[in-house]
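Here is a briefing on one protein model.

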Amino acid sequence: MKKLLAYLFCGLITMGTHAQTTFRNPVINADAPDVSICKVQDTYYMISTTMHLMPGGPIMKSKDMINWEVISYVFDRIDDGPRYNLEDGATVYGQGQWASSIRYHMGKFYVWFTANGAPGRGFIFSADKAEGPWTLVARPPHMHDGSLFFDEDGRVYIFCETNRLVELKEDLSDVKPGGINMQIFERDDEERTALLEGSSVIKHNGKYYLCMISMKWGVNDRVRREVCYRADKITGPYEKKIILETPFEEYGGVGQGCLVGDDQSDLGWWALIFQDRGGIGRVPSLMPVTWIDGWPMCGEYAGEVINPQLAESKGDNPTNNPLLDKRSYRIPNDLSKKHPSPKGYIGSDEFDQLPVDENGGYHARKGLKLYWQWNHNPIDEAWSLTERPGYLRLKTARVVDNLNVAPNTITQRMSGPQCTGSVKIDISKMKDGDICGFAAYNGDSGVLRIVKKGSKVYLQLTEEKAVFKQPRNVERVDVEVIEQVQLKAKEVYLKIHADFNQGRDMAAFSYSTDGQKWNTIGREVAMRFDYLRHFMGTKFAIFNYATKQLGGYVDVDWFHFEEE
């Protein structure tokens with residue numbers, strides 16, 4: 001079983017959930033931005049942004065909003081032109097699926113998202129079950145950071161951009177002719193120069209609440225914050241209140257997310273809002289919501305998130321929210337004794353093909369675990385789990401000159417504060433000019449790459465910096481070879497250790513030819529978040545591409561993930 005028992009998945013949230021009654025933020029210490037949640041009976045369902053990764057629109061579920069697992073994807077691929085296929089240097093890095101909205105209405109799940117960049121149209125999918133299958137309903141026009149909303153009178157809207165309300169047809173197919181399409185408020189002086197986006201809408205006690213992130217680029221005198229606009233009628237007039245404004249630990253403010261709650265249960269109301277944390281990306285933090293004078297104030301101090309200094313100065317629990325100590329909350333719904341630990345968001349894989357369930361629950365319907373996403377649309381005939389059972393075969397599919405435009409790179413997120421990923425690869429069928437390996441992948445990447453040069457094979461640690469020309473096309477990749485060693489073995493083991501502690505964001509690299517003795521190679525490489533290129537946190541990536549000729553392939557025996 002390929003040492004399966006020795007490498008059981010250590011999930012994104014620490015397993016042993018049966019003893020877990022408290023949590024500390026972030027609840028998902030990995031890249032999961034632009035979260036949207038709906039609650040159906042006793043289960044929460046969430047979607048986040050994955051942009052250029054395929055399949056996309058990851059649907060996660062949880063009983064307590066702390067322990068999440070991926071259960072499906074909304075779509076396998078987007079076919080809106082060659083850039084989704086990494087053709088001719090064109091890409092959708094940092095574009096593609098953005099800022100989704102998930103809703104449950106009349107027995108069905110609905111997801112809205114827009115695809116940023118040309119042709120720039122939205123998507124609406126529906127499903128009877130969150131596990132899928134998901135069906136494309138319509139392609140309305142592009143509406144930035146939209147929040148889908150089904151009102152009690154049967155009318156359907158999207159709140160979008162900064163202050164726009166757009167009514168859809170009943171069948172959701174398009175904007176409703178003659179329907180509401182208007183600006184619902186004017187920015188005040190305080191928000192006039194701010195980036196105000198990320199719409200998320202709820203209705204509570206007959207009032208409409210529109211929440212958004214407010215931030216000023218390059219301005220140091222205030223942190224990011226969440227603002228709320230409230231009205232008695234959907235068209236307004238709207239009044240504004242800041243519902244969250246505080247630095248959280250050393251990373252600055254928290255903003256953009258959603259509110260979810262239930263007045264009829266003990267769970268109360270909670271906010272799940274992401275925070276930028278450098279190389280790991282944008283991570284969701286969960287905090288209680290206290291309704292004060294009809295406003296949903298986020299955090300235990302009515303607009304502030306837990307941090308040690310704040311708790312020291314203000315006392316432990318001034319609003320009687322479930323704060324246990326200076327940094328911990330009680331889990332809002334401790335059902336851990338009734339439900340098994342979830343499978344998480346990141347995980348090990350022996351590449352034993354999984355049975356495809358009736359819902360197409362394993363993406364691309366070829367048996368891969370749901371942890372994996374391809375970088376852009378995959379070329380399906382160039383990968384297989386069946387040609388050599390127990391291995392992921394990656395064939396060269398296109399002659400290219402760099403990793404950023406190579407097809408069929410397969411990825412998983414990294415997690416904080418530290419994690420390690422390792423792979424075992426059979427390289428015996430590589431051809432001259434082929435490059436395969438394992439990377440800490442982003443616009444700036446640290447890459448353990450195996451290069452076939454004639455009859456010789458070399459392992460190189462490289463730092464690769466992609467230079468983009470807009471719109472998101474790769475002009476070139478500057479490659480520094482930090483260290484090179486010649487390989488004689490037909491199988492090689494590669495390992496990346498990622499450290500996302502404050503002030504670090506560094507990856508370290510090692511290799512082995514027997515799986516026992518590991519050799520450090522080169523130096524640490526910085527992991528960076530860059531919104532002008534990939535716009536995502538750094539990821540583990542396994543790849544194989546040709547620079548001269550097609551016909552070569554590698555077999556990946558396993559991927560092992562450990563969290564520290």
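Buried means under 20% relative accessible area, exposed over 50% and partly exposed in between, with a 1.4 Å probe and protein chains only. By that cut-off, both faces of β29 are covered. The model is predicted: local features need pLDDT of at least 70, side-chain atom pairs count only at pLDDT 80 or more, and totals for chains, interfaces and linings use all residues. Residues are numbered from 1 along each chain as its sequence is written, and side-chain values use heavy atoms, without hydrogens and water.

**Strand β29**
- Strands here are DSSP runs of E, at least two residues long, numbered from the N terminus.
- β29 covers residues 434-441, and eight of its eight residues are buried.
- One side carries Asp-434, Cys-436, Phe-438 and Ala-440. The other carries Ile-435, Gly-437, Ala-439 and Tyr-441.
- In a regular strand, side chains alternate between the two faces of the sheet.

**The sheet**
- Two strands pair if DSSP finds at least two bridges between them.
- Eight strands form an open, antiparallel sheet in the order β4-β24-β27-β37-β29-β30-β31-β32.
- β4 (53-54) and β32 (473-487) stand at the edges with a single partner strand each, so one side of each has no neighbour in the sheet.
- β29 is joined to β37 by eight antiparallel bridges, with Asp-434 opposite Ala-546.
- β29 also pairs with β30 (residues 444-453) over six antiparallel bridges. Cys-436 stands opposite Ile-450 there, and a hairpin of two residues links the strands.
- β27 (residues 410-413) runs antiparallel to β37 (residues 539-546), with four bridges. Thr-411 faces Ala-541 in that pair.

**Nonpolar cores**
- A nonpolar core is a set of buried Ala, Val, Leu, Ile, Met, Phe, Trp, Tyr and Cys residues joined through side-chain atoms within 4.5 Å.
- The largest has 67 residues, of which Ile-450 and Leu-494 touch the most other members.
- A separate core of 22 residues includes Val-40, Met-54, Ile-102 and Val-111.
- Contact means heavy atoms within 4.5 Å. Not counting residues up to four places away in sequence, Leu-494 touches Phe-438, Ile-450 and Trp-518, among others.

**Largest pocket**
- A pocket is an open set of points on a 1 Å grid over the protein atoms alone, where a 1.4 Å probe fits, with protein on both sides within 12 Å along at least five of seven lines; lining residues have an atom within 4 Å of a point.
- The largest pocket has a volume of about 720 Å³, taken as the space filled by probe spheres set on the points.
- Of its 25 lining residues, Arg-103, Phe-149, Val-201, Ile-202 and Lys-203 are the closest to its centre.
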